[in-house]
Amino acid sequence: AVAIRWPYINLVPCWSAGNENNLALAILNGARPLTNQNPHLGALSPYIVALFLRIFGFHSLVPRLVPFLFGIATILFTWRLGHRIGSARTGIIAATLMCAAWYHVVFSSHYPWSNSLTPFFAVTFLFILSHVQNSTKPILLSVLAGLVFGMGMQTHPEMVTLIPVIVLVLVLQHKHALNWLKQPVPWLMIVGGAVGYGNMLYYNIVNRFQSVEFGLTYPEYALTKEYTATSITSNYIHEFLYLPRIFLGLHNDAISWSSYAAHPMIWLFWSLVIAGMVITVRQHRFIVPAAFLSSFLIIPAINSNYSLNLGRYLVFMFPPAVILAAETMNALLSLKQSKIPVQLIRWSTMIILILIFMFPVAQIQSYYEFCSSNGLTRERFHRLDTLISQSGLKNPLIILDQETGEGDDFNQYLREEGYNVAYVKLRDNRGRFNGEQTLREEIAKSSTARDIDGAILVLAPWTRYEVLQRIPTRRMLGQVDIRFQDDFVDFYRVYLL
């Protein structure tokens, strides 16, 4: 898992983590937010990122260590859950497949979104729930399960799709549709959940359930807008194809859905998962198939967007999926007799295991090469850091022009690296240059407030002429490419004042 996830960790994906990391930096400066950048998410992830920055120091790699380490932990709990509900071999196969899960490697283990942590909390919750099911003294385990569930809810509300699993486990445990409500377990889970989700409960009580209102009205999100037979059926078909696509690394959204529907690897994925559901249900081992089916059936009623950027909404379904696939392969490897020669079945199963592991690994490498060849890495951010280091200044003020579409990403990157950054607007709303006074004020303010030993200007191409006519510089340090959505490439010019 480490060997597959570590390469390119600070290069791909190239985007910043938006306001989430800015929130983490604000926490280090004394802010105490209850919610994330949007109020349907809790502030758990930014607090963890802030803790890592406090412990390990400022570096752009540090925020990415959070999803990296949680990604490794997700694989460990996938192994333990597979072992517990199946066998040692089931756990090992499931963890092996999870090691290579394409989206979990490239995005969820690299990119410090809150949602990158959801798979960890989901599989950990299921693991604890499996202990609750068989425990004679489940009090502490029940509270812990609720706590983990509540913390998972902070990373994304999609955790609610696992609530039916709780009900199923308790009904089966007490063999009655309602007797479980008389037991302490569900109420202790609610107590644990209230603690894990406490900041969000307080925020919503004070702000009249703003999280719910935001989640239902935010225009840029993926919520299903109309509930018709056609739209819901389309969502299910897209989910059916998209889940194996992002697991295997078939990431090109430009290819038609019908073409993906004919891809043999997608059908191999589903054959293994569906067979695993049949095996586990027939053997009355319900937690994992129930978790997978519950999420699979509920998500399309909520989510209507199945594109690369929003694939993270399905990644928490990977651990149950790989455990089900592992159950199928374990059953084939355990066959003692069959009309088909047993050795042939076992060798065929091993070939399938190698294939479904190596296919996404090859796609991971292919995607990294694609990003490198098309400039879709963080190399330009590292280039700017190198230029600043070559200035010879120990504690410079970085004056960053707001003019470009990537200004926010550069600003966040530099702040993660520990630089003092003044992110300034040098033109008014009519496009006229008015930045001379702004520059002088920022330099004066920073020089008195901090131990600044110099300033560096990072200027967009269309503002540098006006600036250089008014502000003297010692030399140009170099250029850093900036990219736009229409693939147009220009350069920041970096000057030493």
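Because the model is predicted, local features need pLDDT of at least 70 and side-chain atom pairs count only at pLDDT 80 or more, while totals for chains, interfaces and linings use all residues. Residues are numbered from 1 along each chain as its sequence is written, and side-chain values use heavy atoms, with hydrogens and water left out.

Start with the helix pair. Two packed helices are described by the angle between their axes and the distance between the axes. Helices here are DSSP runs of H or I with at least four residues, strands are runs of E with at least two, and both are numbered from the N terminus. Helix α10 (residues 184-196) packs against helix α11 (residues 198-206) at about 75 degrees, and their axes are 4 Å apart. That makes α10 roughly perpendicular to α11. The labels work like this: under 35 degrees is roughly parallel, over 145 roughly antiparallel, 65 to 115 roughly perpendicular, and the rest oblique. Axes are lines fitted to C-alpha atoms, for helices over the stretch in contact, with angles running from 0 to 180 degrees between N-to-C directions. On the α10 side the meeting residues are A194, V195 and G196, and on the α11 side they are G198, N199 and L201; contact means heavy atoms within 4.5 Å. Sorted by class, three of the residues in this contact are nonpolar, three are polar and none is charged. In that scheme Ala, Val, Leu, Ile, Met, Phe, Trp, Tyr, Cys and Pro are nonpolar, Asp, Glu, Lys and Arg are charged, and the others, Gly among them, are polar.

On to the charged pairs. Side chains of opposite charge can pair when their charged atoms come close. A salt bridge is taken as a side-chain nitrogen of Lys or Arg within 4 Å of a carboxyl oxygen of Asp or Glu, and six of them turn up by this rule. One joins E416 and R378, at 3.9 Å from N to O. This pair ties together distant parts of the chain, 38 residues apart: E416 sits in helix α20 (residues 407-416), and R378 in the loop between α18 (342-373) and α19 (379-389). E416 is buried at 2% relative accessible area, and R378 is buried too, at 3%. The cut-offs are under 20% for buried, over 50% for exposed and partly exposed in between, using a 1.4 Å probe and protein chains only.

R380 pairs with E406, the closest N and O atoms lying 2.6 Å apart. Here R380 belongs to helix α19 and E406 to the loop between β1 (397-401) and α20, 26 residues apart. R380 is buried at 6%, as is E406 at 9%. D481 and R483 form another salt bridge, at 3.2 Å; D481 counts as buried at 19%, whereas R483 is partly exposed at 27%.

Finally, two buried residues. T155 lies in helix α8 (residues 139-155) and has a relative accessible area of 1%. Leaving aside neighbours within four places in sequence, T155 touches L41, L44, S114, N115, L117, T118 and F121. V288, in helix α16 (residues 287-302), is buried at 2%. Beyond its neighbours within four places in sequence, V288 contacts L81, I85, P320, I323 and L324.
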